[in-house]
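Let's take a quick tour of the spots where this protein holds its ligands. Have the 3D view open while you read.

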Amino acid sequence: MSDIQRQPQQITVLGATGSIGSSTLDVISRHPERYQVFALSAHARINELKTLCLRHCPRFAVVANNADAQRLQSDLRAAGLATVVLVGAQGLCEVAAHPDVDAVMAAIVGAAGLESAMAAVTAGKKILLANKEALVMSGALFMRAVREHGAQLLPIDSEHNAIFQCLPCNYANGLAPVGVRRILLTASGGPFRNSSYAELEQVTPAQACAHPNWSMGQKISVDSATMMNKGLELIEACWLFAARPEQVEVVIHPQSVIHSLVDYIDGSVLAQLGNPDMRTPIAHAMAWPERIASGVAPLDLCALARMDFTAPDLERFACLRLAIDAAQAGGTAPIVLNAANEVAVAAFLQERIRFTQIPQLIEDVLSVDRGAPVDSLEAVVEVDRYARQCAQRWLSKESIQVGRRV
Ligand code: NAD
Ligand code: MG
């Protein structure tokens, strides 16, 4: 069927005001004949959401509370828009699973994105997964639901999207790809790649959020600085590509041009390259198996001139070590790791703890992990809640106003 005959696909963008949300809307705007915005969601920054609604005219918008919903609803009505404003987790799940939706961009940050991502999966949607925390927390359940409900899962995380692009073209979601020896997960090393431990102790939130190559939300920026992001991505890769943790090797590549590689048993190593801009994996996943323009500039290899590779330092970047251990332990460990990390990152951003205390908090909370089996989404949420409580207790004992510390 030609592009002209095709009906535009209806896209729900969860986390529309975020970094991934805005890159997604940029790609959508380049292809109005192909894509239409069905729903947009935001947690805060309601004025930004209003601007996005005025630009994209979605059927639904979702906000966190009734007061925001009423205000947005009356503003949109006054502007002549028929957009219906929904509220909270139920609203998110409704626009993720709505029968008229073709694809869902899951770009809410953290555990808050799990339920709506799962709603898209159980409704059998095409799901564009940026929210890596959902897979880290509930990988087995998530991948089983993808298979059972015939959902189509496409990775947005640049590394996983790169790996997906390097796998055989008949590769099926969640099955171990044939002939693959290793997955090589590249990492920029973040802003403190060459910093000493003493320097890491003094890191401020502003420094941690200033990533050298990527412009991202605050939480993932801090995760990149601690290298927890790479740890979460290792777990994500294990679930997406049915790999054992030992089959995923992290390689520091400061230029962020090779987005990851697949090493085959015949000695072939396939890589995906491109400028570091999330619109490439977003456009790839949205149009897959076709290709569409993303607005990303072509890669200039001569200007790049060189690419470097080193092994990660698991002592200075203890978060990566903790995540590898959690991947190997399985069970509840990844849920606890993720929850403790979310609490620790928020505390660091509020200057309640030092940068180097982030892995300390996580390690202490992991040591009280109850290891109970997780066979339902409710059980996952319960472990997450318990781990957050432990992390909060840790904070009330250990945290000090960083500025006032002697
Ligand atoms: P961001 O902080 O820029 O945006 C987060 C979005 O989630 C916002 O729209 C916010 O309103 C919404 N949100 C926050 N808390 C919420 C809650 N409790 N309930 C509902 N909505 C909530 O984050 P981001 O950088 O766009 O990252 C989003 C996700 O994509 C993360 O899981 C991140 O790990 C992943 N990711 C991001 C990048 C990137 O380049 N930014 C790359 C790969 C993966
Ligand atoms: Mg990534």
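The shell around ligand 1 is made up of 12 nonpolar, seven polar and three charged residues. (Ala, Val, Leu, Ile, Met, Phe, Trp, Tyr, Cys and Pro count as nonpolar, Asp, Glu, Lys and Arg as charged, and the others, Gly among them, as polar.) Keep in mind that this is a predicted model, where local features need pLDDT of at least 70, side-chain atom pairs count only at pLDDT 80 or more, and totals for chains, interfaces and linings use all residues. Residues are numbered from 1 along each chain as written, chains are lettered from A and ligands numbered from 1 in written order, and side-chain values use heavy atoms, leaving out hydrogens and water.

**Ligand 1**
- Thr17, Ser19, His43, Glu133 and Gly217 come nearest among the 22 residues around ligand 1 (near means a heavy atom within 4 Å).
- A polar backbone atom of Gly15 sits 3.3 Å from an oxygen atom of ligand 1, and one of Ala130 sits 3.4 Å from an oxygen atom of ligand 1.
- On its own, ligand 1 exposes 830 Å², and the protein buries 86% of that (areas by the Shrake-Rupley method with a 1.4 Å probe; for residues, only the protein chains shown count as cover).

**The magnesium ion (ligand 2)**
- Its protein donors are Asp157 (OD), Glu159 (OE) and Glu233 (OE), 2.1 to 2.2 Å away (donors are N, O and S atoms within 2.8 Å of the metal, or 3.2 Å for Na, K and Ca; water is not among the atoms, so sites may look incomplete).
- Asp157 counts as buried because its relative accessibility is 8% (buried is under 20%, exposed over 50%, partly exposed in between, with a 1.4 Å probe and protein chains only).
- Glu159 is buried too, at 8%.

Key. Polar contact = N/O pair within 3.5 Å; in protein donor to acceptor, adjacent residues only side chain to side chain.
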